[in-house]
Amino acid sequence: DVQLQASGGGLVQAGGSLRLSCAASGFTFDDYHIGWFRQAPGKEREGVACISSTDGSANYLDSVKGRFTISRDNAKYTWYLQMNSLKPEDTAVYYCAVRSTAEIEYKYWGQGTLVTVSS
């Protein structure tokens, strides 16, 4: 079974930076996508960024482009979300998730890590 562990959240002032990590284990497939999602209080979950394990191509939510960077260490099955120039509206629980490239749904999810950005 696939297990994901997200970490790195915390309290930071606006304009600051955090790096989230997602450590994975139990992979049985070689081609996959890792995604970062977030859910703010009272709002629906939204996709933040995703990256392919094969070519490293990445996609970002428009509101985080230029501020957030997703990266990977395939050998260690660890993925990161570097968050710079944080804004209060970035406050949310952040989740990492993984899906096979043969699937359309993110099947496996981490427990989430809370990011709080103060004004």
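Figure 1. Residues are numbered from 1 along each chain as its sequence is written, and side-chain values use heavy atoms, with hydrogens and water left out. Because the model is predicted, local features need pLDDT of at least 70 and side-chain atom pairs count only at pLDDT 80 or more, whereas totals for chains, interfaces and linings use all residues. The side chains of R38 and D90 meet in a salt bridge with an N to O distance of 3.0 Å; a salt bridge is a side-chain nitrogen of Lys or Arg within 4 Å of a carboxyl oxygen of Asp or Glu. This pair links distant parts of the chain, 52 residues apart: R38 is in strand β4 (residues 32–39), and D90 is in the loop between β8 (78–83) and β9 (92–100). Strands (E, at least two residues) and helices (H or I, at least four) are DSSP runs, numbered from the N terminus. D90, like R38, is buried. R38 also forms a salt bridge with E46, where the closest N and O atoms are 2.8 Å apart. E46 counts as partly exposed, at 31% relative accessibility. Together, R38, E46, R67 and D90 are linked in a network of salt bridges.

**Figure 2. The salt bridge between K65 and D62.** The structure holds four salt bridges, and one of them joins the side chains of K65 and D62 at 3.1 Å, N to O. D62 counts as exposed, at 62% relative accessibility. Side chains of opposite charge can pair when their charged atoms come close.

**Figure 3. The largest pocket and its lining.** The largest pocket has a volume of about 160 Å³. Its lining is made up of R38, Q39, A40, K43, E44, E46, S63, R67, K87, E89 and D90. A pocket is found on a 1 Å grid over the protein atoms alone, as an open set of points where a 1.4 Å probe fits, with protein on both sides within 12 Å along at least five of seven lines; lining residues have an atom within 4 Å of a point. Grid points are joined across faces, edges and corners, and the volume is the space filled by probe spheres set on the points. Of the lining residues, eight are charged, two polar and one nonpolar. Here Asp, Glu, Lys and Arg count as charged, Ala, Val, Leu, Ile, Met, Phe, Trp, Tyr, Cys and Pro as nonpolar, and the others, Gly among them, as polar.

**Figure 4. The surroundings of T113.** T113 is placed in strand β11 (residues 113–118). T113 is buried, with a relative accessible area of 11%. A polar atom of the T113 side chain lies 3.0 Å from the backbone nitrogen of G9. Leaving aside neighbours within four places in sequence, T113 is in contact (heavy atoms within 4.5 Å) with A6, S7, G8, G9, L20, A92, V93 and Y94.

**Figure 5. D55 and its polar contacts.** D55 lies in the loop between β5 (46–52) and β6 (58–60). D55 is exposed, with a relative accessible area of 56%. The side chain of D55 makes a polar contact of 2.9 Å with the side chain of S57, and another, of 3.4 Å, joins the side chains of D55 and S52. A polar contact is a pair of N or O atoms within 3.5 Å; within protein, one must be able to donate a hydrogen and the other to accept it, and residues adjacent in sequence count only if both atoms are side-chain atoms. The C-alpha atoms of D55 and S17 are separated by 27 Å, the two residues being 38 apart along the chain.

**Figure 6. The residue G35 in strand β4.** G35 is placed in strand β4 and counts as buried, at 0% relative accessibility. Not counting residues up to four places away in sequence, G35 touches A49, C50, Y95, C96, A97 and Y106.

Figure 7. Y77, although not a glycine, has a positive phi of about 50°. Y77 lies in the loop between β7 (68–73) and β8 and counts as partly exposed, at 33% relative accessibility. Phi of S85, a residue other than glycine, is likewise positive, near 50°. S85 is placed in the loop between β8 and β9 and counts as partly exposed, at 41% relative accessibility.

Note on methods
Buried < 20%, exposed > 50% of the residue type's maximum accessible area, 1.4 Å probe, protein only.
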